[in-house]
Amino acid sequence: MSKRRVGIIGARGHTGAELIGLIAAHDSLELAFVSSRELQGQSVADHVHAYVGDIRYEMLDADALAMRSADAIILALPNDAAADFVDAVDADAPETVVVDLSADYRFDESWYYGLPELTRARYAGQRRISNPGCYATAMQLAIAPLSEQLAGPPQCFGVSGYSGAGTTPSDRNNIELLRNNLMPYALVGHVHEREVSRQLGVPVEFMPHVAPHFRGITVTVNLWLQDPRSRDEVMARYRDFYASDALIHVVDEAPWVSRIAGRHHAEIGGFAMAPGGRRVVVVATLDNLLKGAATQALQNLNLALGLEELSGIPVDATALEETR
């Protein structure tokens, strides 16, 4: 079978670099083009640790994209920048798969919302796929197994490495401001709060922070239950819920964010029970650039192209076996 051709729009950022590496190493995919305004004309190989041949960054606007051919296009753009590119593909190549990593289409019912472990049963051949947010992924994975047993809104305290703020300079990726610091922001109404509330059908309260490490997020989730449960019952519920998902590791202890950097899976653990058994605190970690973005995009791309979902994704079988 010939390789499927994938183009990336917005490849300058951290997630774009991860996507290039994953696609370059994929047995069934190849890069068709890589677009970045800031890096136009430069060799892709000079910026990523992957063999990509002699491909160079181009500057493709929506009109130029319409003239290019690919089986799939990944949009790794900031929020509010995807529409023109989507319109161009809709008009000229509606059969092309589009995976959008921004928040632009996460609330659009005509797009498939691609968090495979929770939504793959809803995939019905859609060619327009919205990739979930990184925090939103961690929160949903931590809450979903108990979502039908909740007695109130989950409260989620999140901490992200500064790569989550992207490459455009801001206070949230200013290393000097973050040094010895924990920076709260968007403490109510964060887009990921609204995203999770919509997807799970329950109101979620989310308080994000940025820390001075580069990559990886941790979310501590407080859950009140309708009926008392033991710790063993709760842990068994999570292990049964994710038993067939190789990228979700249910662990006994609370996972550490330092151990998830550079890994393609998420870890869920802790399961601290308050007296009475109606309150449980769960901790979830994942790499915001991988399972929170690029790895999940590849899961969705594989699904849409008829490939095995985990094709091209390194799975740590040893670590997985230790959690079973």
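R259 lies over the face of W256, at 3.8 Å from the ring centre, and the charged end of R172 sits over the ring of Y185, 4.3 Å from its centre; a charge is assigned to a ring if NZ of Lys or CZ of Arg is within 6 Å of the ring centre and within 35 degrees of the ring normal. The model is predicted, and local features need pLDDT of at least 70, side-chain atom pairs count only at pLDDT 80 or more, and totals for chains, interfaces and linings use all residues. Residues are numbered from 1 along each chain as its sequence is written, and side-chain values use heavy atoms, with hydrogens and water left out.

Six aromatic pairs are found in the whole structure, where rings of Phe, Tyr and Trp (its six-membered ring) pair if their centres lie within 6.5 Å, with planes under 30 degrees apart counted as stacked, over 60 as edge-to-face and the rest as tilted. Y162 and F214 form an edge-to-face pair, 5.5 Å centre to centre with 75 degrees between the planes. Y162 lies in the loop between β8 (155–160) and α6 (175–178) and F214 in the loop between β10 (205–210) and β11 (217–224), so the pair ties together parts that are 52 residues apart in sequence. Helices (H or I, at least four residues) and strands (E, at least two) are DSSP runs, numbered from the N terminus. Y162 counts as buried at 16% relative accessibility, whereas F214, at 31%, is partly exposed (buried, under 20% relative accessible area; exposed, over 50%; partly exposed, in between; 1.4 Å probe, protein chains only).

Helix α5 (residues 134–143) is mostly covered, with 10 of its 10 residues buried, among them Y135, M139 and Q140.
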